[in-house]
Amino acid sequence: MNGIIIGAIAALSLVQQTDTTFAVGTAELLNVETMGGSIQVGVWDRDEIRVQAEHSSRTFIEIDRGRREIQIESEARRGPANLVDFRITVPRTFGLELEALYGDISVEGSDGTVEAGTVQGDITIVGGRGTVQVSATTGTIIVDDADGQIEIESSSADIRVTNSSGEIYAETAGGTIVLENVSPTVVDVGSTGGRVHYDGAFEPGGTYFFGAHGGSITIVVPEEASASFNVATVHGSISSNLGGQVESLRSGQRHTFDVGTGGALVEAETYGGRIRLLRKGSEGANAPTLRRTPVRDGTEALLGLEMAFGPMFDMDHDFDFDFDFDLDLDLEHVIDFALHGHSETERVREPATIRR
Amino acid sequence: MSEHVSIGRMNDAVDGLLSASEMDQIEAHVGGCGACRDDYARISETVAALRALPRSASVPEKTWAGIAGRLGTVSQGSTPDEATVIELPTAAAPPPERRISFTVTQLAAAAIVLSAISAGTMWVALGPTERSESTFATTQAAPGGAAARAVSTENTRYVEVVDQLEQILEEGRGVLAPGTLVTIEESLATVDAAIDEIEVALGDDPNSDLLLRMLANHQRTKLGVLQRAAAAVQAQA
């Protein structure tokens, strides 16, 4: 008997599909919040937003269309929403605010501002203009082809920024930071427990600060670079091949010297780690490989949600509870499936309302 | 201007990035739109409060014993007297002022942070650019001076903020996924170990601008880890 009930519950909990497209009107910002699951955002050249989502039948998608901001959330009629995987397409220049507590976030091709945050998951941002703000407790953060004020904060995530320009700020307690093929005017990055690797341009008048504690800092210097270097380590080591030969500099004191005619200011500081100044193409000038800690199977995300809200799929309840609970929640979805082949439960409120 | 003012425009306005005519338009709309007026006021107040935070950090209280011992002028455990502010060497061309901007969602978080920081110990919300502009206070004399009390107060506030955030984390351990909790604890252990190392080194070289700057950076990193952890707890509470 018990097996029959569980089977019935599983059938009623089939993954639902939400797929809706609507005009953006005067809005210029999209805000998406989900507890668990992934958020993927792509762009197109239309003044419309398409929202595709996969979720359980007890979860629905709520869309609030405001004049300035469009907000999308996952909701459940009782208790927290389950995992929701979003695929959203927005106008190319739309601003984005994306938050997934447990899940991956990706943005592809944005020409707008981007703000993305997750507690546990990987974040990949391709594009972003003006301001790109990324925050994660753990996971891997990748930013590519961004331009503007790029701010990345993490507790343990590895951070990789490529093909970007503007100002780059990055901080991680335990991760490694890699900046490759970048041409920023300001860099301020630091890792307490990891390494820092920079392979990019030094713009005239630009300022570049690299900090680490026990990990190494590797700065790859282009042949044409013109910069003043100011490097120091307390107990670590400093080596440079910028003069053609590998030379070691004393720890415990600050070293300043110019390459070319100066122009940019480059500072690097470690406590116990090694500082290496290398010409491009030198041995050891390749960026370290970053680890990735995906949570795409949703196991950890579900665990996180359960820690917060209690069991999401509790099979220990008695018969009456299970039956009433699931039948009440899923009946309209079953009907939706029968009639339309997909769930119609997205809540697009008209007229548009502004949530504050 | 009949349409609502976007949050981005409000941030621009607060940052003084708009022309006079653009400001006139915004002010005219905000004057007649309660919703925008509320948002604009919140952004203005929060940014002003963040900018008012002192861009300074100081040596934690427990470091005083080692420093004072090396100086030989203050007995361990006593309160330092006159503080001397040491300007750190700064970049030849200081980085441009970092913009502080908010979304509506961020405003709530900023308010929590401001509340926790109260009158401000660290420039935690101001970002890493301020590192190179930071000043650090130290002392060399006997107990009792106003400057020393200011330094001591600042240290106390930093510790208070850390304590508050750690309390939030402790109380919220049960709502975080185990893997997340382990990551947070490992990150904190990493930063604490770095801080401990630098504090020991400061005992031998209390005036080292390099060590003081590193200490400030690690303290800031620790606050960042704790803030993110507290925010995660609050989001699931």
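**H7 against H8, chain B**

I started with two helices of chain B in this predicted model: the axes of H7(B) and helix H8 (residues 209–236) come within 9 Å and cross at roughly 160°. That makes H7(B) roughly antiparallel to H8(B). I noted how these terms are set. Axes are lines fitted to C-alpha atoms, for helices over the stretch in contact, with angles from 0 to 180 degrees between N-to-C directions. Angles under 35 degrees count as roughly parallel, over 145 as roughly antiparallel, 65 to 115 as roughly perpendicular, and the rest as oblique. Helices here are DSSP runs of H or I with at least four residues, strands are E runs of at least two, and both are numbered from the N terminus.

I also checked the hand: H7(B) passes H8(B) in a left-handed crossing. Left-handed is used if the near helix is turned anticlockwise from the far one by less than a right angle, right-handed if clockwise.

Which residues of H7(B) meet H8(B)? On the H7(B) side I listed, among them, Ile184(B), Leu188(B), Val191(B), Ile195(B) and Ile198(B). H8(B) brings residues including Leu211(B), Met214(B), Leu215(B), His218(B) and Val225(B). A contact means that the C-beta atoms of two residues, placed from the backbone, lie within 7 Å.

**Housekeeping**

Residues are numbered from 1 along each chain as its sequence is written, and chains are lettered from A and ligands numbered from 1 in the order in which they are written. Local features need pLDDT of at least 70 and side-chain atom pairs count only at pLDDT 80 or more, while totals for chains, interfaces and linings use all residues.

I looked up pLDDT next, the predictor's confidence in each residue, from 0 to 100. Chain B averages 63, and 51% of the residues score at least 70. For the complex, the predictor gives an ipTM of 0.75 and a pTM of 0.68.

**Chain B overall**

I find 8 helices and 3 strands in chain B, running α-α-α-β-α-β-α-β-α-α-α from the N terminus. Of its 237 residues, 43% are buried. Buried means 20 or more other C-beta atoms within 10 Å of the residue's own, exposed means 12 or fewer, and partly exposed is in between, with C-beta atoms placed from the backbone.

How much of helix H1 of chain B is buried? I get 6 of the 8 residues (7–14), so the helix is largely enclosed by the rest of the structure. The buried ones are Ile7(B), Arg9(B), Met10(B), Asn11(B), Ala13(B) and Val14(B). Gly16(B) follows H1(B) and has a positive phi, near 70°.

**Thr113(A)**

I then went to the loop between S9 (105–110) and S10 (114–120) of chain A, where Thr113(A) sits. Thr113(A) counts as buried because it has 24 C-beta neighbours inside 10 Å. Leaving aside neighbours within four places in sequence, its contacts are Gly95(A), Leu96(A), Arg129(A), Gly130(A), Thr131(A) and, from chain B, Gly8(B).

**Strands of chain A**

Strand S19 (residues 207–212) of chain A has 6 of 6 residues buried, so it is largely enclosed by the rest of the structure. Thr207(A), Phe209(A) and Gly211(A) cover one side, and Tyr208(A), Phe210(A) and Ala212(A) the other. Pairing takes at least two DSSP bridges between two strands. S19(A) pairs in the parallel sense with S17 (residues 177–191) over 6 bridges, and Val187(A) stands opposite Tyr208(A). S19(A) also pairs with S25(A), again parallel over 6 bridges, with Phe210(A) partnered by Ala268(A).

S25 (residues 264–270) in turn runs parallel to S21(A), joined by 7 bridges. On its antiparallel side, S21(A) pairs with S24 (residues 254–259) over 6 bridges; there Arg254(A) is the partner of Ala232(A).

**Positive phi in chain A**

Last, Asn181(A), in strand S17, has a positive phi of about 55° although it is not a glycine. Asp145(A) has phi near 60° and lies in the loop between S13 (140–144) and S14 (147–154).
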